[in-house]
Amino acid sequence: MNSRLEIAPLSEWGMFTEPRPCVIAGPCSAESEIQIMETARQLRSFGINVFRAGIWKPRTHPGSFEGVGAKGLKWMQRAKKELGLKISTEVASEKHVFECLKYGVDLVWLGARTTANPFLVQEIADALKDVDIPVLVKNPVNADIDLWIGALERLNAAGIRKLGVIHRGFSTFSKIRYRNDPGWQIAVELRSRYPELPFFCDPSHMAGKREYIQEISQRSLDLGLEGLMVESHCDPTCALSDAAQQLTPDDLKKLLESLTVRENDSEDLSYKENIDQLRSQIDVIDENLLNMLASRMNISRKIGEYKKKNNIAILQTSRWDSILEDMIRKGEGYGLPEKFITTVFNAIHEASVQVQNDILARD
Ligand code: PEP
Ligand code: MN
């Protein structure tokens with residue numbers, strides 16, 4: 001059962017203007033007053049309203065640049081006053097929250113490492129009680145949707161209704177192109193459980209490299225997400241943290257212009273008719289798939305009984321390997337990706353083996 005979240009729509013947050021995507025941009029870290037003012041000025045010049053900068057940086061290794069601390073908030077406050085920007089930063093403790101409130105921070109977010117720690121989330125939620133500023137929650141470093149939802153529940157229970165999420169990908173041990181694994185299926189799952197929750201993507205931390213930010217941003221818009229948080233620095237190559245993934249404001253402007261925003265729905269009648277027809281075709285196919293899966297399972301059950309009677313082991317891996325190989329080859333003919341075929345058929349096989357196991361264990 002889904003918990004209920006009381007969420008204020010983005011239009012009530014008073015910081016993002018149409019058209020989508022809602023953009024939060026700014027450097028990974030505040031480094032100097034000049035860097036903050038210069039980056040903020042350039043971003044403001046093409047309509048960015050919400051500025052970000054990390055003040056306290058959670059770093060993997062000690063001795064790396066750990067942020068300038070509260071003095072950076074003063075620089076951001078100046079950017080807010082002189083340029084009319086809303087300002088935002090990451091908080092990881094009650095102390096951070098109080099410092100932010102002192103300097104007029106308009107929005108805070110919880111970083112991936114903080115979301116993974118319920119003690120800290122609770123501490124931050126308590127500190128934000130009775131304060132009406134928006135809070136965005138990044139996904140936890142590991143692909144654990146419940147931990148992500150748990151953080152939202154804690155903040156919501158403290159009365160925070162201007163609540164949203166930022167998908168920045170998951171830490172992975174496998175070698176992939178990106179710094180963090182997009183794991184889009186988890187974002188989609190969260191989106192379908194809480195469709196009212198404002199949803200941002202952070203393509204910078206997902207990508208780890210400038211060159212991938214465009215494709216990730218477009219992908220997130222294709223999924224219908226509302227916003228982007230992008231790292232942008234007036235001189236990225238000299239950045240003290242995350243140099244490889246920051247864009248110049250000018251490159252960010254070009255990137256935003258290149259994006260296609262998808263509508264969430266349309267009132268157009270012929271669109272509605274066509275989509276309804278296609279959806280009902282999908283419903284019929286899904287029903288058929290279920291039917292076929294059930295028939296297949298019945299046969300598996302019969303095979304299980306038969307193997308039991310003849311005292312034969314359930315798993316004959318070489319047979320399964322050759323079936324899978326055959327399916328992948330045939331799937332290719334239909335233009336179905338190998339990974340998809342492998343996932344589907346392995347899941348079917350696993351369920352079959354389970355049924356036969358249960359039969360063998362019965363008596
Ligand atoms: C950041 O936004 O600068 C940051 C540290 O991100 P994350 O929590 O996603 O690692
Ligand atoms: Mn960063």
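The following paragraphs lead the reader through a predicted model of a protein with its ligands. Residues are numbered from 1 along each chain as its sequence is written, while chains are lettered from A and ligands numbered from 1 in the order in which they are written. In this predicted model local features need pLDDT of at least 70, side-chain atom pairs count only at pLDDT 80 or more, and totals for chains, interfaces and linings use all residues; side-chain values use heavy atoms, with hydrogens and water left out.

The description begins with ligand 1. The residues around it, meaning those with a heavy atom within 4 Å, are Arg52, Lys57, Glu90, Trp109, Gly111, Ala112, Arg113, Lys138, Arg168, His205 and Glu231. This shell consists of 7 charged, 2 polar and 2 nonpolar residues. Here Asp, Glu, Lys and Arg count as charged, Ala, Val, Leu, Ile, Met, Phe, Trp, Tyr, Cys and Pro as nonpolar, and the others, Gly among them, as polar. Oxygen atoms of ligand 1 lie 2.6 Å from a polar side-chain atom of arginine 168, 2.9 Å from a backbone N or O atom of alanine 112, and 3.4 Å from a side-chain N or O atom of histidine 205. On its own, ligand 1 has 290 Å² of accessible area, of which the protein covers 97%. Such areas come from the Shrake-Rupley method with a 1.4 Å probe; for residues, only the protein chains shown count as cover.

Helices (H or I, at least four residues) and strands (E, at least two) are DSSP runs, numbered from the N terminus.

Buried means under 20% relative accessible area, exposed over 50%, and partly exposed in between, with a 1.4 Å probe and protein chains only. Aspartate 242 has a relative accessible area of 19%, so it also counts as buried. Aspartate 242 belongs to the loop between β8 (227-231) and α10 (249-258), and its phi is positive, about 50°, although it is not a glycine.

Aspartate 130 likewise has a positive phi, about 65°. This residue stands in the loop between α5 (118-127) and β5 (135-138) and is exposed, because its relative accessible area is 80%.

Two further places deserve attention. Tryptophan 148, in helix α6 (residues 145-157), is buried, with a relative accessible area of 0%. Beyond its neighbours within four places in sequence, its contacts (heavy atoms within 4.5 Å) include Thr115, Val137, Lys138, Ile186 and Phe199. In helix α9 (residues 213-222), the buried residues are Ile213, Ile216, Ser217, Gln218, Ser220 and Leu221. Their cover includes α7 (184-193), β7 (199-201), α8, β8 and α10.

Key. A polar contact is a pair of N or O atoms within 3.5 Å; within protein, one must be able to donate a hydrogen and the other to accept it, and residues adjacent in sequence count only if both atoms are side-chain atoms.
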